[in-house]
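User: I am new to this structure. Please take a close look at its salt bridges and at the parts of the fold around them.

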Amino acid sequence: MTGSPLLQGRTALPTGVDGLRAYTGPDGVAVLVLDRPHKRNALTLAIWQALPKTLALIAGQPGVRALLVTGAGGTFSAGADIAELSEVYGDARRADAYHEENVAAEEALAAFPHPTLAVVHGACVGGGCQLAVACDLRFGARDARLGITPAKLGVVYPAVPTLRLARLVGPARAKYLLFSGELVPAARAAEFGLLDEVVPGDELDARALEFAVLLGKRSPQTIGAVKAALAGPPEEAAAAIEPWARRSREAPDVREGLAAFLERREARF
């Protein structure tokens with residue numbers, strides 16, 4: 001990631017595992033990097049296991065308001081480390097435990113308390129795409145290719161990521177992706193709803209950082225309520241958002257937002 005603006009001026013945090021790096025910065029944007037470029041950032045069991053603790057560490061850092069998730073070496077992630085996965089599937093109990101860790105990591109990313117944005121260069125495949133889908137938003141380079149490939153391996157994709165994908169792109173397109181295992185180019189991924197913005201590759205990091213900084217200036221109360229409402233099934237949204245709405249009657253965000261609008265200045269949340 002030499003020359004990328006994503007890491008400039010940032011401080012590294014410990015992750016306790018090779019292949020995963022984390023950073024925070026004075027702009028309120030944290031960065032999580034999948035860093036096994038020699039293996040196209042393939043995800044090991046150790047990385048899956050480290051993700052929940054690393055995400056909790058990032059969330060606990062003062063001033064963090066948004067998280068970017070990306071990969072080193074021009075690739076987001078090629079997915080699970082297949083050599084490791086072939087060993088795991090030699091024992092049913094190990095396979096069960098592997099998928100439990102995998103889903104726990106995905107759910108920890110989905111539950112991150114601030115906006116999350118996947119920054120997708122190159123291939124975003126299998127478990128890598130699972131992590132991207134668990135982010136709130138996804139920006140991709142024009143040459144990005146995304147897909148989920150368990151049907152090529154005979155793996156049964158867990159229920160949690162299956163349903164999350166279907167909520168994002170719709171049941172028919174989820175079936176298209178999961179049945180075929182085909183990778184779709186960035187433009188088609190955007191049509192599916194799998195990418196929210198597509199930009200030239202040499203502009204992607206700067207655009208993602210710019211947007212993350214923007215999100216950091218918006219009301220954390222509003223953003224938190226939206227995340228809570230959309231985290232579960234529709235019938236639970238009202239109950240999920242109710243405590244946020246109650247707190248908003250007394251919290252300073254609304255007063256500050258209205259005052260900033262009337263004074264024609266940017267709100268300071």
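Analyst: In this predicted model, Arg36 and Asp81 form a salt bridge, with 3.1 Å between their closest N and O atoms. Arg36 sits in the loop between β3 (29-34) and α1 (45-59), and Asp81 sits in the loop between β4 (66-71) and α2 (82-88), so the bridge ties together parts that are 45 residues apart in sequence. Both Arg36 and Asp81 are buried.

A second salt bridge joins the side chains of Asp136 and Lys227, at 2.6 Å from N to O. This pair also links distant parts of the chain, 91 residues apart: Asp136 belongs to the loop between α4 (127-134) and β7 (137-141), and Lys227 to helix α10 (residues 220-230). Are the two partners buried or exposed? Asp136 has a relative accessible area of 31%, which makes it partly exposed. Lys227 has 16% relative accessibility and counts as buried, because the cut-off for buried is under 20%.

Asp196 is in the loop between α8 (186-192) and β10 (197-199), while Arg138 is in strand β7, so parts 58 residues apart in sequence are tied together. Here too the partners can be compared by their accessible area. Asp196 is partly exposed, at 39%, and Arg138 is buried, at 2%. Glu197, Arg207 and Glu210 are linked in a network of salt bridges. The count of salt bridges comes to 11.

The elements that hold these residues can now be taken in turn. Helix α10 carries Lys227, which is one of its buried residues along with Gln221, Ile223, Gly224, Ala225 and Ala229. What covers these buried residues includes α3 (92-110), α9 (201-216), α11 (237-248) and α12 (253-263). The N-terminal end of α10 is capped by Ser219, which has a side-chain oxygen 3.2 Å from the backbone nitrogen of Gln221.

Strand β7 carries Arg138. Four of the five residues of β7 are buried, so the strand is largely enclosed by the rest of the structure. Strand β5 (residues 116-120) pairs with β7 in the parallel sense over four bridges, and Val119 has Phe139 as its bridge partner in β7. β7 also pairs with β10, again in the parallel sense, over three bridges. In that pairing Gly140 has Val198 of β10 as its bridge partner.

These strands belong to an open sheet of seven, in the order β1-β2-β3-β4-β5-β7-β10, with mixed pairing. β1 (11-13) and β10 stand at the edges with a single partner strand each, so one side of each has no neighbour in the sheet. Direction ignored, neighbouring strands of this sheet are turned by 25° against each other on average. Strand β2 (residues 20-24) pairs with β3 in the antiparallel sense over four bridges, and Arg21 stands opposite Val33 in β3.

Besides this sheet there is an open sheet of three strands, in the order β6-β8-β9 and with mixed pairing. Its edges are β6 (123-125) and β9 (184-185), each with a single partner strand, so one side of each is left without a neighbour in the sheet. β6 runs parallel to strand β8 (residues 145-147), and three bridges join them. Cys124 has Leu146 as its bridge partner in β8. Helix α4 lies across β6 and β8 and runs at about 90° to β6.

The nonpolar parts complete the picture. In soluble globular proteins, nonpolar side chains tend to be buried together. The largest nonpolar core in this model has 49 residues, and those with the most contacts inside it are Leu32, Ile58, Leu67, Leu165 and Leu194. Helix α1 supplies the largest share of this core, six residues. Not counting residues up to four places away in sequence, Leu67 touches residues including Leu32, Leu55, Ile58, Leu109, Phe112 and Leu117. Apart from this core lies another, of 20 residues, including Val31, Ala72, Val119 and Phe211. One of these residues, Val119, is the bridge partner of Phe139 in β7.

Note on methods:
Residues are numbered from 1 along each chain as its sequence is written. This is a predicted model: local features need pLDDT of at least 70, side-chain atom pairs count only at pLDDT 80 or more; totals for chains, interfaces and linings use all residues. Side-chain values use heavy atoms; hydrogens and water are left out. A salt bridge is a side-chain nitrogen of Lys or Arg within 4 Å of a carboxyl oxygen of Asp or Glu. Helices (H or I, at least four residues) and strands (E, at least two) are DSSP runs, numbered from the N terminus. Buried means under 20% relative accessible area, exposed over 50%, partly exposed in between (1.4 Å probe, protein chains only). Two strands pair if DSSP finds at least two bridges between them. Contact means heavy atoms within 4.5 Å. Axes are lines fitted to C-alpha atoms, for helices over the stretch in contact, and angles run from 0 to 180 degrees between N-to-C directions. A nonpolar core is a set of buried Ala, Val, Leu, Ile, Met, Phe, Trp, Tyr and Cys residues joined through side-chain atoms within 4.5 Å. A polar contact is a pair of N or O atoms within 3.5 Å; within protein, one must be able to donate a hydrogen and the other to accept it, and residues adjacent in sequence count only if both atoms are side-chain atoms.
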